[in-house]
Each structure stands twice: as C-alpha cells, then as structure tokens.
Amino acid sequence: MVQKTSMSRGPYPPSQEIPMEVFDPSPQGKYSKRKGRFKRSDGSTSSDTTSNSFVRQGSAESYTSRPSDSDVSLEEDREALRKEAERQALAQLEKAKTKPVAFAVRTNVGYNPSPGDEVPVHGVAITFEPKDFLHIKEKYNNDWWIGRLVKEGCEVGFIPSPVKLDSLRLLQEQKLRQSRLSSSKSGDNSSSSLGDVVTGTRRPTPPASGNEMTNLAFELDPIELEDEEAELGEHSGSAKTSVSSVTTPPPHGKRIPFFKKTEHVPPYDVVPSMRPIILVGPSLKGYEVTDMMQKALFDFLKHRFDGRISITRVTADISLAKRSVLNNPSKHIIIERSNTRSSLAEVQSEIERIFELARTLQLVALDADTINHPAQLSKTSLAPIIVYIKITSPKVLQRLIKSRGKSQSKHLNVQIAASEKLAQCPPEMFDIILDENQLEDACEHLAEYLEAYWKATHPPSSTPPNPLLNRTMASAALAASPAPVSNLQVQVLTSLRRNLSFWGGLEATQQAREVPQQQEYTI
C-alpha cells in the first residue's frame, strides 16, 4: 500500500518521459557548472557561455581599437610637417608676386583642381580652360609652378606642371577604363544569365573577325572620354568633386582612323610673354590702300601708348616658323630647298627677337610684310593678337583702289580677291575686327581692347618697372632692320593727315551716293 501511494504521488505520470536534464551526470555533483538556458524573443534558446564569450570578445576588440600613443605622436608630427610646408609655400607665393614673368604659355587642355591633387597650399590652385594664357613666375617643384592666369583680377597661384598634368590625365583615363570594363562585364553577365535561363542552352560563340578583334583593344578617344566622364558625373553625383578634371578640346574635323598614329599634343605651348599685335586687311600688303590704313593705325598706337609699346618691322617670312618645322631638323632641308624669300636661320632670329621684345611686358606691334591672312600664323608659337581692318562693301574698296591711280588699278582683281578671302574667315580667327566707318572710331575700338589687355597682363600686385626693359630695348634698337622702322614712323607721320581727310571725304561721297539709291529702292 505504501508503495502504491508513493507511486501515485510521483511528480511525473507513468506515460510521460522524464527529462534527462534533471540529473547531473558529472561527478562534481551540485558544484558542477550547469549550462543554463534562456529563451530569446524568437523562441530559440542559447546558453550563458556563448553570451559570455560574446561579451569578452567585444571588450577585447574595444580595447585593441584604441590608438596607441605612438600612433598619435606620428599623426601630430605629420600634421606639423604639413603645416610647415604650407607656410613655406605661402611665403614663396607672396615673394613671387613681385618677381618678373619668366615665360608665358598657352594651354591646350583645361584643368579644374580637386582636393586630391596635393596642391602645396589648399585652395590656391588656378583653374584654366583650353586656349588660355598663363604667366609663369617660377618653378616651385617638379609638379607645380607659380604663376597667374592672364586675366584681369586674377592673382598668383599654383599651376600644375606638364608632368603633373600627364599623371592626372593617366589616372583619369585609368578610372574611366575601369568603369567601362565594370559596366561592360555587368551588362554581359546580366544578358547571358537571362539568355541561359530562358532558352536553357548556351549561346554559340561568334567567330572572331578582324573588326571584332580590334574592338577588344580600348582606344581612348578624347571625345568619348569626356562623354563618359560627364555621364559618370551625372550618375554618381559627388564623384566629380573628388576627381580632378583635365579636359582636352575636341579635335576639329573628322575623326582620325584607328590605324593612323595620333600626335600627342603637349599640355602647354611656350608663347611670347606679351602677344604681338599684327594687322591684316583690308587687302594685300604692299599696295597703297592697305599700307596707308595700317600705317595710320600704327601711328595712333605709337602716340596713344607712348612708352608702353614697341613698333617694329619684320621682313622675314615668319609664317615659316611653325612648331613642327622648327622642332624637326629633318624638315629644315625641305624648307631651305623651296623657293622661299627667307631662310630658316633668318626666321629663327626674328622669332627670338620678338620673344625678347615681349619679355619687357611692353606692347609689341609687328609690321609684318608677308602676313596677309590669320591662317599663316595659326601653327606658329607667336600666338598674336590679329587685328582685322575690314571694309564691308567691296564697292568702297574698289573706289579706294581706283582713286590711287593706274598703278594700283591694274592690280584691282588681286586685291579684291584677297579682301574676299579675309571676309570668308570665321570671326573666331580674329581677336578684334575694326569695321567702323570713321578712323577715329576704329582707333578707339582698338585702344579699348589693348587697354584691357594691358590691365590683364599688369596686375596691381606686380612691380611696374621691369629689370629687363632697358637691356632689351637697347638690344632691340641694335637688332636687324632698324632703318625700316624709322622709315615706317616717318611715313606714318606724313600720311596720317592725308588718310584722315581721305577717309572722311570718301565716306561723305559714299553716303551722298547711297541716299538716292535708297530712295529709289524705297519707291
């Protein structure tokens, strides 16, 4: 009876299984460590030992992530060195403001600085576009120059050297190539996976023809690079600000075939420190109408910019001073054998003389006998200011030529053809077009342009006197062709009054003739 009662009072019914966790199989008994279980919110269980291990692991990571004293000291040393280098760069930048211009360049690429360009002083890099002009004061290091953009209101800053621009261009092309490869791979993978799932079979591999083999080699075209860069900037948003931009202008004309070797264009072209002024039009030089108009303008420039301008005559054919010819000795023989009026040695000496005159930062006006079209100087390193004296009406030019006598009238067709050829040029080929009816208006138009150019090349922070001025002006006075310069000035002085009265009388006559024609046309 006692046994039955004890069995009936047991905590577990006979049909239920006793959980084994109640008994402790370890020999340590009640002092043994039990694996207590707790229930999570999702219904799963975990032990206390695992949770304790997570806590210990987190505490170890938090301990090791703290920087040591040596790391902190290294960072402080680097920051101190960076600040010291920036302070020295600022001091050198201030000294360079009063230094003379060492040389000038014309840009063939554009540059937009970014924080990752390692500028010596943050925020003092100069932004420029293709075909801009830069005055270089001195070399800071292999990657940076100190200079300024030739524009009014621009101060001295840091300009990337050709080595720096090439490295930035290569880095930019590499990133664009990687983005192109990643986009092409992602597109191929998505299309191939869809095709395999739908059809259930592999697509046949197309035969490798010659055209397809050429597609495997990525040819970096400047236009494609700029288009992809613009697309990446639109899609990525802030990616454009973190990468410096080195842009190249698109090539004119058709695209060069892939089998033709493309010529590498340098980022800069060395040009005179002051762009020389060259007059063209209204027709050919050597004839009275063109010579009289140009001499009247030269005389005005001489008096208006007295002490700031040097007018010199150039008899050599400076159109032969192309960069490809002067830099390639193999082409010298071809030029020497051709029937040219000037030898390359003479042309080279004239170019050096022009560069020497421009180093004084004075205005330089060239009376070039052989220059009648802006295309003659487009491939030279002179980068001149082309002034086009334009007579809009061909009938007016015909009357001007006929009024000079039979000696000029017999060459009428040649002068009219030259005038029409100049009129066909796009306005971008000229820096300034003088199409005013009055000589005084044309002179004032030219003077305003040159005054603005003078302010752009002579900032207030620079020192007005140039130490090279006296030496260069003395050497220029002893240079070649001093007699034509003096003859030119005498001819200008004697012909100015005649030109003024001639233009005024001719214009009055032309207006008197055009009024009846307009009335007749109206009727």
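Does K131 count as buried or exposed? The model is predicted, and in it K131 counts as exposed, at 52% relative accessibility. The cut-off for exposed is over 50%.

**Backbone geometry**

Most residues other than glycine have a negative phi, and most peptide bonds are trans. K131 has a positive phi of about 70° although it is not a glycine. Its place is in the loop between β4 and β5. E118 lies in the loop between β4 (110-112) and β5 (133-139), and phi of E118 is near 60°, again a positive value in a residue other than glycine. E118 is exposed, with a relative accessible area of 64%.

The peptide bond between G281 and P282 is cis, with omega at about 0°. P282 is located in the loop between β10 and α8 (288-304).

Strands of a sheet pair through backbone hydrogen bonds, either parallel or antiparallel. Here an open sheet is formed by five strands in the order β11-β12-β10-β13-β14, with parallel pairing. Its edge strands, β11 (309-314) and β14 (432-434), each pair on one side only. From one strand to the next, the twist averages 25°. Within this sheet, strand β10 (residues 277-280) is joined to strand β13 (residues 385-389) by four bridges, and the two run parallel. I277 has I385 as its bridge partner in β13.

**Helices across the sheet**

Helix α11 (residues 344-358) comprises 15 residues and spans 21 Å from its first C-alpha to its last, close to the 21 Å expected at 1.5 Å a residue. The helix lies across β11 and β12 (363-368), running at about 175° to β11.

Helix α15 (residues 439-457) lies across β10, β12, β13 and β14, and runs at about 165° to β14. R308 lies over the face of W454, at 5.1 Å from the ring centre.

**Aromatic pairs**

A pair of aromatic rings is described by the distance of the centres and the angle of the planes. Six aromatic pairs are found in a search of the whole structure. Two of them are set out below.

| Pair | Centre to centre | Angle between planes | Type |
|---|---|---|---|
| F103 and W145 | 5.6 Å | 85° | edge-to-face |
| Y111 and F128 | 5.8 Å | 35° | tilted |

F103 counts as partly exposed, at 29% relative accessibility, whereas W145 is buried, with a relative accessible area of 13%.

The pair of Y111 and F128 also links distant parts of the chain: Y111 belongs to strand β4 and F128 to the loop between β4 and β5, 17 residues apart. Y111 is buried, with a relative accessible area of 1%, and F128 counts as buried at 1% relative accessibility.

Which residues do ring pairs link into a cluster? They are F103, Y111, F128, W145 and Y268.

Methods: Residues are numbered from 1 along each chain as its sequence is written. This is a predicted model: local features need pLDDT of at least 70, side-chain atom pairs count only at pLDDT 80 or more; totals for chains, interfaces and linings use all residues. Side-chain values use heavy atoms; hydrogens and water are left out. The expected span of a helix is 1.5 Å times one less than its number of residues. Two strands pair if DSSP finds at least two bridges between them. Axes are lines fitted to C-alpha atoms, for helices over the stretch in contact, and angles run from 0 to 180 degrees between N-to-C directions. Contact means heavy atoms within 4.5 Å. Buried means under 20% relative accessible area, exposed over 50%, partly exposed in between (1.4 Å probe, protein chains only). Rings of Phe, Tyr and Trp (its six-membered ring) pair if their centres lie within 6.5 Å; planes under 30 degrees apart count as stacked, over 60 as edge-to-face and the rest as tilted. A charge sits over a ring if NZ of Lys or CZ of Arg is within 6 Å of the ring centre and within 35 degrees of the ring normal.
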